Amino acid sequence: MLKTPTIAMYETSADYLREKLHTVGLPAPTTAVILGSGLGTYAEAETIQNKIHIPYRDIPEFPVSTVSYQKGELVAGEVAGKTVLFFNGRFHYYEGWEMWETAYPVSVCHLLGVKTMLITNAAGGLRPETLTPGDLICVTDHIKLCADSPVRGKNLPEMGERFFDMQSVYDRSLIAMAKACANENGFSLGEGVYAYMTGPQFETPAEIRMLRLLGADLVGMSTVPEVICAAHCGIRVLCISCVTNYAAGVTGAPMTEKEVLDTSASIAGKFRTLLDAVIPKL
Ligand code: HPA
């Protein structure tokens with residue numbers, strides 16, 4: 001049987017964080033942000049006041065990320081008078097975590113009272129006619145082909161129902177708000193369907209052709225376990241992908257992690273502008 005989490009584990013992590021926030025006078029959070037590749041430095045933004053840095057390794061029961069360029073810390077602070085949690089460093093299935101572990105921050109957020117979450121990621125673009133590296137896209141839905149689920153195993157009723165709806169987790173009003181914020185800053189946000197592939201290998205050209213036929217626009221190795229967990233516990237999600245590269249087979253160029261990191265770094269400024277506008281409205 002799969003080793004599944006207990007509510008006590010999540011409570012232990014949540015109790016520690018509640019206490020930490022309390023000691024610095026931060027009210028309970030209602031909003032959280034998961035920062036994807038290339039956006040880690042966002043947690044340093046001056047727009048976040050009364051910041052407190054909490055390394056994941058200090059949080060009891062919390063996983064510790066192994067991706068070298070990600071920091072592995074939670075930054076909590078105030079934005080527009082609200083406490084916001086910024087997760088700088090996330091957990092990927094390809095690192096060897098169970099799927100529920102990859103969504104661990106979301107479960108803890110639910111116990112802390114978070115109701116809205118912004119999730120960002122880097123993704124490959126499947127449709128060169130409409131998507132170019134450097135574009136920012138709102139995810140409207142996803143496709144998950146692998147069998148696993150972050151809520152496989154014994155259901156924890158404190159988190160949510162055994163069977164739950166996935167139709168509205170990518171909240172339309174949040175998408176409309178993010179698009180309006182982009183327009184006010186002189187650019188536009190497209191919409192797309194994100195296909196989750198577990199990696200760490202990039203996809204084959206045949207896999208990308210299949211995903212295109214299935215209706216996907218973007219492909220990536222994160223986010224979907226977190227979104228499923230958010231739907232389970234009733235957290236609304238705004239997900240924004242940065243198109244970092246054309247997906248496998250689109251141009252025939254070799255796929256590299258460097259291209260992903262270079263593109264996300266090159267548009268970090270635009271992404272930051274968008275987050276500055278969006279986060280106060282979450
Ligand atoms: N495939 C999978 N994950 C990714 C990609 C990709 O092309 N680009 C960024 N993350």
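Rings of Phe, Tyr and Trp are taken to pair if their centres lie within 6.5 Å. In this predicted model, a search of the whole structure on that basis finds nine aromatic pairs. Ring pairs link Tyr10, Tyr56, Phe62, Phe87, Phe91, Trp97 and Tyr104 into a cluster.

Because tyrosine 10 belongs to helix H1 (residues 7-23) and tyrosine 104 to helix H3 (residues 104-112), the contact ties together parts that are 94 residues apart in sequence. Both residues are buried, tyrosine 10 with a relative accessible area of 3% and tyrosine 104 with one of 1%. Tyrosine 104 also forms an edge-to-face pair with phenylalanine 62, at 5.4 Å centre to centre and 80 degrees between the planes. Phenylalanine 62 lies in the loop between strand E2 (49-55) and strand E3 (73-79), so its pairing with tyrosine 104 in helix H3 joins parts that are 42 residues apart in sequence. Phenylalanine 62 is likewise buried, at 7% relative accessibility.

Tyr10 also contributes to the lining of the largest cavity. Three cavities of 30 Å³ or more are found in the whole structure, and the largest has a volume of about 140 Å³. Its lining comprises 14 residues, of which Pro5, Tyr10, Pro150, Val151 and Leu156 lie nearest the centre. By class, the lining divides into seven nonpolar, four polar and three charged residues.

Helix H6 (residues 224-232) is largely enclosed by the rest of the structure, because nine of its nine residues are buried. Among them are Glu226 and His232. Just after H6, glycine 234 adopts a positive phi of about 80 degrees.

Conventions. Residues numbered from 1 in each chain as written. Predicted model: local features only at pLDDT ≥ 70, side-chain atom pairs only at ≥ 80, totals over all residues. Heavy atoms only, no water. Buried < 20%, exposed > 50% of the residue type's maximum accessible area, 1.4 Å probe, protein only. Helix = DSSP H or I, 4+ residues; strand = E, 2+ residues; numbered from the N terminus. 1 Å grid on protein atoms, 1.4 Å probe; cavity = no way out; pocket = protein on both sides within 12 Å on 5 of 7 lines; lining within 4 Å. Points joined across faces, edges and corners; volume = space filled by probe spheres on them. Nonpolar A, V, L, I, M, F, W, Y, C, P; charged D, E, K, R; others polar. Phe/Tyr/Trp six-rings, centres within 6.5 Å; stacked < 30°, edge-to-face > 60°.
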